[in-house]
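I opened a new page in my notebook today to look up a structure. Come and read along with me, entry by entry.

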Amino acid sequence: MKAYSKYGIDVLFTSFMMGEAAATTVFTGAAKNAKVDQFREAFKNTAVDETRHYAFTHLVLTDAAARISDEEKRMVTKQIRAGFVFLSLITYKKPSEFWKLPPWFQEVHEQMEELAREAGLGIPTLEEKEKAWRDAVIKVGVALKRYGVRMPAIPELGVTGEEVEESGEEDVVPVF
Ligand SMILES: [Fe+2]
């Protein structure tokens with residue numbers, strides 16, 4: 001939560017961009033895969049909501065681009081990476097940094113997801129999640145480039161970019 005007081009509102013909201021882009025795709029996929037009507041409807045509504053969040057981050061960036069400094073642009077790059085690290089735990093796979101988890105986490109997580117998938121909740125497969133994140137990286141990378149903000153390296157997805165130091169508690173902004 002420390003990150004909320006560390007960064008200005010422009011930097012914070014721009015930092016959410018990739019998480020919102022990935023969430024949009026993940027929930028759209030979940031709505032498509034869900035076999036339970038109520039879940040299909042809930043995920044569809046969540047996807048609409050995530051699309052609004054994504055659009056809002058664009059609005060904030062468009063508005064802020066002219067006045068944010070190079071230093072702040074570097075913060076955005078770092079925050080985009082922190083956003084990936086924070087969200088990939090549940091929307092992709094356990095990242096190697098930040099989260100302190102028991103050794104059995106990944107195995108249990110996968111089993112729980114499989115049960116939820118079998119129950120018709122429309123949980124995307126690992127391949128679908130990976131595709132969602134790749135699409136988010138492409139979308140966000142194009143948008144950021146327009147405003148002179150560099151993408152961070154995301155070796156988990158085979159994406160090269162600006163190397164940023166490991167995300168600590170003070171960097172990670174809980175967002176969804
Ligand atoms: Fe969101």
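**Entry 1: threonine 24.** I began with threonine 24, which is buried because 24 other C-beta atoms lie within 10 Å. The rule I used: a residue is buried if 20 or more other C-beta atoms lie within 10 Å of its own, exposed if 12 or fewer, and partly exposed in between, with C-beta atoms placed from the backbone. I noted that this is a predicted model, where local features need pLDDT of at least 70 and side-chain atom pairs count only at pLDDT 80 or more, while totals for chains, interfaces and linings use all residues. Residues are numbered from 1 along each chain as its sequence is written.

I found threonine 24 in helix H3. Helices (H or I, at least four residues) and strands (E, at least two) are DSSP runs, numbered from the N terminus. Which residues does threonine 24 contact, leaving aside its neighbours within four places in sequence? I listed Ala47, Glu50, Thr51 and Tyr54. Two residues are in contact if their C-beta atoms, placed from the backbone, lie within 7 Å. I also looked at tryptophan 133, which is 109 residues from threonine 24 in sequence but 10 Å away in space, C-alpha to C-alpha.

**Entry 2: the whole protein.** I counted seven helices and zero strands. For the radius of gyration, taken over C-alpha atoms, the globule rule is 2.2 Å times the number of residues to the power 0.38. A compact globule of 176 residues would come out near 16 Å, and the protein has 16 Å, which agrees. The C-alpha atoms fill a box of roughly 50 × 35 × 30 Å along the principal axes. I also saw that 34% of the 176 residues count as buried.

**Entry 3: the core.** In soluble globular proteins, nonpolar side chains tend to be buried together. A nonpolar core is a set of buried Ala, Val, Leu, Ile, Met, Phe, Trp, Tyr and Cys residues joined through C-beta atoms within 7 Å. The largest one here has 34 residues, and Met17, Ala22 and Ile80 are among those with the most contacts inside it. Helices H2 (9–15), H3 (17–33), H4 (37–64), H5 (70–91) and H7 (126–146) each supply at least two residues of this core. Leaving aside neighbours within four places in sequence, I found alanine 22 in contact with Leu87, Thr91, Ala132, Trp133 and Ala136.

**Entry 4: H3 beside H5.** How do the axes of H3 and H5 cross? They come within 8 Å and cross at roughly 30°. Axes are lines fitted to C-alpha atoms, for helices over the stretch in contact, and angles run from 0 to 180 degrees between N-to-C directions. Among the residues making the contact are Met18 and Val26 of H3 and Phe84 and Leu87 of H5.

Entry 5: Lysine 35 sits in the loop between H3 and H4. Is it buried or exposed? Lysine 35 is exposed, with 12 other C-beta atoms within 10 Å. Glycine 122 is 87 residues away from lysine 35 in sequence, yet 6.7 Å away in space, C-alpha to C-alpha.

Phenylalanine 98 is in the loop between H5 and helix H6 (105–118). Its phi is near 70°, a positive value in a residue other than glycine. I noted phenylalanine 98 as partly exposed, with 17 other C-beta atoms within 10 Å.

Isoleucine 138 belongs to helix H7. With 13 C-beta neighbours inside 10 Å, isoleucine 138 counts as partly exposed.
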